[in-house]
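Below are a few notes for a colleague who is opening this model for the first time. Please keep the structure in view while reading the points.

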Amino acid sequence: MAEKTEKRIKVLLTPAGSEWVADKEYKRLDYISDGKAVWVCIKVDAVTGVNVGHALTETAWWNKCIDLSEAENLAAAATAAANAAATTANNAAQAAMDAKRVAEAAASEANMATEAANAATSAAQGATAAANDATAAAEKVNAVLGDDNVLKVTDRNGVEKSLELMSQAAATEMAKQVKQNTADIAELKEGVKDYYVGENDEVTGDPRFKNCKGNKEFLGEWHPFLIDHTDNTGEGTHPVGQLMDNNHFRFVSGAFAPTVGITEEMRAACDVQLYTDAEHTTPLTLKNGVVVTDKIGAHPYDATEVYNSLGLVDLYDGEGNKVRQLLPWETTETKYSVMIGRYDTLYPVDRQTGESGKVLSGIFKRQVRYDGIDSGKYPLLGTALAPCPVTTVDNKTRNFFYAYAVGDRNTTNGQSGAGESMCSMYVNDCRTYPRISDMTQVSNMQKARANNADVNASQPFAEGGYHGVNTFILCMELLYGTKYLHNNNLFGSGISSNDACNSENTWLGNGGVRCKEQGTSEWTYRGFGDRTPFGHNEKLEKNNFSWFVNYYRPKEQCMESQMAASWAAEFGIAENTEYEAYGATYRYRNITGVKGLNDGVMNCKVYRKKIGTCKGYKDANTLATYDLELSLRMSLMHGMNVSGDVFAYWGGGYEMVGTNKVQTDGNYNTEQLTKNYIDFYLEPNQSKWVNESAFSKNNLGTFGFEAVYGKIGVFGPPILSEGYCKNRLGHTPYKIADGGNISSWQCFYSWAFPYWSSTLNQRVRIAVRLRGAASSSRCSARFLHAYHSAAFTYVNNGGSAQCRIVQ
């Protein structure tokens, strides 16, 4: 006789309780056991990935694969008969003992078969044990597992009952069906257009995402909006209109949008009779023959009409003086901002580990459960973000290009770190820059919320929140497939020292400084973080060029790169072609493999050439004059400028609270790394943001937001110091493992030593500052400057803003 062979397969089931609950979410291969029967979930919704509301009787959704109620009844009857027989006959007891051995062997085979099909639940095993005990006492009971996987039980009266178990073939077929269903679900997910997910490489540190699923096109649907800050009540502000993605001078309808600020004096320059020749003999005349008059004449100057008829035109007044042409996108209003956002709600998943064990990043347009991860934990409602560090008008945040200096303190530029006599390129240039020097995380909050009718409220206007900018960055990382967005072959790192400046080509491509002593011909090239080739005093002391040019202050005006890109798009200027706009010289480059200005998207690198002179000591006794030229590389990603130049606070709704357990003198003390720890909080809903003005709490006190915001977790002790990031805590900017470099793992650097406190048992709000600075070689959108408390100010620290937008 051929020897029997035994094969086993294993299907892993997940216990889901002892009773069915109507509103509970069940996943595939969840099982419910009431101690007698087992129901296995065999189907889930193709979109949500769960089974909700489908009763156990619905056989398309549930498979009743084990039912031991009959066996239990038989066992109970056999037990009663066995007890009676045992009291009357010793021989029956002996027979029962023999039967017990046979039944135990049969039950063992039954258990193995059941495990192969359904991973034999504890309830079923309990029932089997009860049956074994019963048959042990029975007088004439047999239990036989046949080759057909039918368990037959015969009582002492010869009555036979049977229980059919799942066969190996059936179990194999079920496994195939599960595999097919999984494939079907995956195929359905591929067809869904409202999510995109990628796996992080946690083995090699490759910054590129792998095995991406879904539709990534919606990730790029961030658009510029013209925001009126006087629409400042209720849940959200209503944008004046959506602007063209590549040209902020126009609404998407093609109509002109007021997006460049000018003074009344600048506007009124065209109120006089204008001429198109310096000899003032040819009056300004439209193509239809209509002569444009002064403001009291029959046909006064209309910016839109003149521009649509003649384009850019040289104008002169009656004395032959050059007159600046008033353009149709210019306004004397100061109530506007240009902000980048979207109306829809996004559900980000940021470095979360799924049931598969994979670390996932993704964006969903609705709440779903994906690989066991709830995507709806941190939604971002319709929001518009500041595209660059903010400036202020009347101490209220703005993101707007002003062709003049608005006059708020700390919004103009300044002299060299060595003094105005050494370099004055940025002195009195009559332009508006991001506000710096007095921007803390709290003052940023106050200046942003000052736009609201209720200045204590957090909507519709607020400081920029980390959750919002993180969601934007996640969208870009997933859309372009990498965390290394600041790669110089991609978007670059803005005004920074990431890339070499040692030749004319690198100066033109990477940005930086070149200088030469007047009367000589050879240029010396340096990055903003490199030291000057000359001394800044008689001692021949040298510092880096960012310090020397303007003492680390912003090099770029507020919204300057967006204005310059819009000018190129408006006039159809080809890349790498120099052009003049608002008194400055610009050019731009598109990004290889990415939709650019000509494709209708503001993805490009804008370069400004800034020319001047400076002084420098050749030796202790010789102060020479040098020609000095700056190449400012400004990186735009869907209209957002998120890297380089100066840092910016992005702390709205997100808090890092450090607890200091070491009394120090404020200097470096490694004991702070081994004993301190940090609590992380996040509130994605802007309406719940707390108006918190305190920076620290002594004696382990708590902040008001800790009772409102959700706690993400705790890191430390120990905590980490500065360094590149191998692992970032999801939904935070914080590094929880050191490693990698600017182009691997998480692709960002973090200044994180706990200088934020030197007082024992003090709890401190740690600064949330991103971007980097011109002198740094580590600039990126995620570069975190967290050395200090949220009270820290400096000349290269700016602020941010956001607003809830509704249609």
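Is Trp650 buried or exposed?

1. Trp650 is buried, with a relative accessible area of 6%, where buried means under 20% relative accessible area, exposed over 50% and partly exposed in between, for a 1.4 Å probe and protein chains only. This is a predicted model, in which local features need pLDDT of at least 70 and side-chain atom pairs count only at pLDDT 80 or more, while totals for chains, interfaces and linings use all residues. Residues are numbered from 1 along each chain as its sequence is written, and side-chain values use heavy atoms, with hydrogens and water left out.

2. Trp650 lies in the loop between strand E32 (647-649) and strand E33 (654-660); helices (H or I, at least four residues) and strands (E, at least two) are DSSP runs, numbered from the N terminus. Leaving aside neighbours within four places in sequence, Trp650 is in contact (heavy atoms within 4.5 Å) with residues including Leu385, Tyr466, Val469, Leu770 and Ser800. Trp650 and Ser800 are 150 residues apart in sequence, yet 6.0 Å apart in space, C-alpha to C-alpha.

3. In helix H6 (residues 303-310), the buried residues are Ala303, Val306, Tyr307 and Ser309, and what covers them includes helix H11 (560-570). An α-helix has 3.6 residues a turn, so residues three or four places apart point the same way.

4. An open sheet of 4 strands has the order E1-E2-E3-E4, with mixed pairing, two strands being paired if DSSP finds at least two bridges between them. Its edge strands, each pairing on one side only, are E1 (14-15) and E4 (62-67). Strand E2 (residues 30-33) and strand E3 (residues 37-41) run antiparallel and are joined by 3 bridges; Ser33 has Val38 in E3 as its bridge partner.

5. Strand E42 gives the most to the lining, with 3 residues.
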